[in-house]
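Dear colleague,

Please read them with the model open beside you.

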Amino acid sequence: MYSIIANLGSGKGAGKKCLAAVEKILQEKNIEYKVLCTSERGSGKTLADKFCKEGASTVIAIGGDGTFHEVLNGMDFSKARLALIPAGRGNDYAAGAGISFNPKEAIQSVIRGEAVDRDYIQLTSISQNEKIVKRCINVCGTGLDVEVLKLTEQRQGTYIASLAKLLLHYKPYTVKVEVNGSAKEYQCVMAAFCNGSQFGGGIKICPPAKNADGKMDLMIVRQPKIPTIMLMPSFVAGKHIGRDWVEHIVCDAAKISALNADNIEIDGEIYNENILDAQIIKGGFKTFV
């Protein structure tokens, strides 16, 4: 039996349509399934944990990157595999991973049982002397990215429109980066770890990033010498790699400390923290082709 977690409100109604399409196929093939729908922030994690404890072997998440993030964090991969049916506005992880946006096609690999192991980023933080571990499926970062997400939510607009507005007056901030045995401070616009190649509804933050190579990609975007807004087309198209205002480091583990920022984002979800202590978990994400 398949255990389905659906965000019916994702993608301005796409979640509801995708669930209907998936249910129709499963019913036609006489495959048993159970559906639980998310109700509030964090409920995807709770539902995934519930299904795994009940003995589920296949969990299917229907939604966008935020939903995938929540469900990923509730999974027990020693018991179950997680399939993704993209139904968000941006579907950035799915685009980078080659997952079909057509739910009828996306569910077929699950039905065929074509298993594959991909990577995820594990983030460790300390809160009230308690160690907290979070998983990131796509991109996590600090700085401009967080502010863009806040403005996008406030205005109910697009990530790119918010980015263009903020680039007109955004001031660089300081981060300390610890990687490969050395530590260095940067004045930057943003710093991020990438498991996927794009975010923000199609912005190709790190075209070389692969989600099954056992590595994560650290991107540090410094303040360029010319107005940042002028470089936006290159950044959106992924043509910033190799520029003198960008540093790209491939690594297994690293730490970003934002010295004058208050938030981080993980897969588009904002957290009230300022440190990203990350490592790649090679093959930890048990999923389907």
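By a nonpolar core I mean a set of buried Ala, Val, Leu, Ile, Met, Phe, Trp, Tyr and Cys residues that are joined through side-chain atoms within 4.5 Å. Please keep in mind throughout that this is a predicted model.

On that definition, the largest nonpolar core comprises 52 residues, and Leu144, Phe193, Ile205 and Leu218 are those with the most contacts inside it. The element that gives the most to this core is strand S9 (residues 182-194), which supplies eight residues. Apart from this core lies another, of 41 residues, which includes Ile4, Leu84, Ile85 and Val110. To return to Ile205, its contacts, leaving aside residues up to four places away in sequence, include Val139, Met190, Ala192, Phe199, Met219, Phe235 and Ile241.

The largest pocket has a volume of about 1,300 Å³, and 38 residues line it, with Gly66, Arg89, Leu149, Gly268 and Glu269 lying nearest its centre. Helix H3 (65-74), helix H6 (144-155), helix H7 (159-167) and strand S14 (269-271) are the elements that each give two or more residues to this lining. By residue class, the lining divides into 20 polar, 12 charged and six nonpolar residues.

With best wishes

Technical notes
Residues are numbered from 1 along each chain as its sequence is written. This is a predicted model: local features need pLDDT of at least 70, side-chain atom pairs count only at pLDDT 80 or more; totals for chains, interfaces and linings use all residues. Side-chain values use heavy atoms; hydrogens and water are left out. Buried means under 20% relative accessible area, exposed over 50%, partly exposed in between (1.4 Å probe, protein chains only). Helices (H or I, at least four residues) and strands (E, at least two) are DSSP runs, numbered from the N terminus. Contact means heavy atoms within 4.5 Å. On a 1 Å grid over the protein atoms alone, a cavity is a set of points where a 1.4 Å probe fits but cannot get out, and a pocket is an open set with protein on both sides within 12 Å along at least five of seven lines; lining residues have an atom within 4 Å of a point. Grid points are joined across faces, edges and corners, and a volume is the space filled by probe spheres set on the points. Ala, Val, Leu, Ile, Met, Phe, Trp, Tyr, Cys and Pro count as nonpolar, Asp, Glu, Lys and Arg as charged, and the others, Gly among them, as polar.
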